[in-house]
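Thank you all for coming. I would like to walk you through one structure today, and I ask you to keep the view open while I talk.

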Amino acid sequence: MRMRTLTLAAASAAALLAAGVLPASASGATPKSAQEGSVSAASLLSKVTSCSQISSGKYRTDDETSATIPVCGKNGAVFWKADMDIDCDGQRTAKCNENADPWYQDDTAFHQSNGQPLKADSLPYIVVPSSSSIWKYSSYGIKGGGVVAVIYNNKVEYAVVGDTGPTNIIGEASYATASALGIDPDPATGGADSGVTYILFKNSTVSPIESHSAAVSLGDQLAKQFLSNN
């Protein structure tokens, strides 16, 4: 989990522009998109139009922003609406390493079935804030490997809870999650400033955690239950 700041992000972007290099989304490349499962983004979003706050306080989206994001409760799920910073932590790959990510760490809070860290560039996962006085995720049935519906630009991507981050910041997902949703996955300059909804299904577990197909199958099932129960 990286500690992104707006200043560092702006500096990185300026450096890229000065070098004549643009991220894929700015260079006209067609981003990869996703619509997984049978439940539409609109159907899921219709159930999270209002917030019953369950967190004791609110979160920042970055180090330099004010705390405005609550964690909200629904039947069978919790959710928040935030930005998306890019997590490239875990196993070292060609896309996720010290050279690509200034905040790179070679581990994730939750591990694959073989004990190895997750692979951020191939596994869709999200980051939850570490437990604090603001909110303790485990007290609400959220755990490593739990299923998450991540919604952006009318697309749904199913992910797992794969990492933990700072106690005061929310809104981060893996390189693979961003890429699937058509968000620039560059860990230094990519991400989305807003418009991302994260719906975490309580008491769910994908096994093995690294199986994205299992996450999609279980996620679609839980999304249907979520619509029926809310």
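I will go through the disulfides, then some backbone details, and then the cavity.

Please bear in mind that this is a predicted model, in which local features need pLDDT of at least 70 and side-chain atom pairs count only at pLDDT 80 or more, whereas totals for chains, interfaces and linings use all residues. Residues are numbered from 1 along each chain as its sequence is written, and side-chain values use heavy atoms, with hydrogens and water left out.

How many disulfides are there, if we take a disulfide to be a pair of cysteine sulfur atoms within 2.5 Å? The count comes to two, and with the bonded cysteines numbered in sequence order the pairing reads 1-2, 3-4.

One of them joins Cys 51 to Cys 72, with the sulfur atoms 2.0 Å apart, and this link is left-handed, with -100 degrees about the S-S bond. The pair connects distant parts of the chain, 21 residues apart, since Cys 51 sits in the loop between α2 (41-45) and β1 (72-74), while Cys 72 belongs to strand β1. Here helices (H or I, at least four residues) and strands (E, at least two) are DSSP runs, numbered from the N terminus. For accessibility, buried means under 20% relative accessible area, exposed over 50%, and partly exposed in between, with a 1.4 Å probe and protein chains only. Cys 51, at 40%, is therefore partly exposed, and Cys 72, at 3%, is buried.

The other disulfide is between Cys 88 and Cys 96, whose sulfur atoms lie 1.9 Å apart; its link is left-handed, with -75 degrees about the S-S bond, and both cysteines are buried.

Let me turn to the backbone. Asn 203 is found in the loop between β7 and α4, and its phi is positive, near 55 degrees, although Asn 203 is a residue other than glycine. Asn 203 is exposed, because its relative accessible area is 60%.

Asn 153, in the loop between β4 (147-152) and β5 (155-165), has a positive phi of about 55 degrees and is exposed at 52%.

Finally, a cavity is a set of points, on a 1 Å grid over the protein atoms alone, where a 1.4 Å probe fits but cannot get out, and lining residues have an atom within 4 Å of a point. The largest cavity is lined by ten residues, with Val 127, Val 128, Pro 129, Ile 169 and Ile 170 nearest its centre, and strand β3 (residues 125-129) gives the largest share of that lining, three residues.

Conventions:
On a 1 Å grid over the protein atoms alone, a cavity is a set of points where a 1.4 Å probe fits but cannot get out, and a pocket is an open set with protein on both sides within 12 Å along at least five of seven lines; lining residues have an atom within 4 Å of a point. A disulfide is a pair of cysteine sulfur atoms within 2.5 Å.
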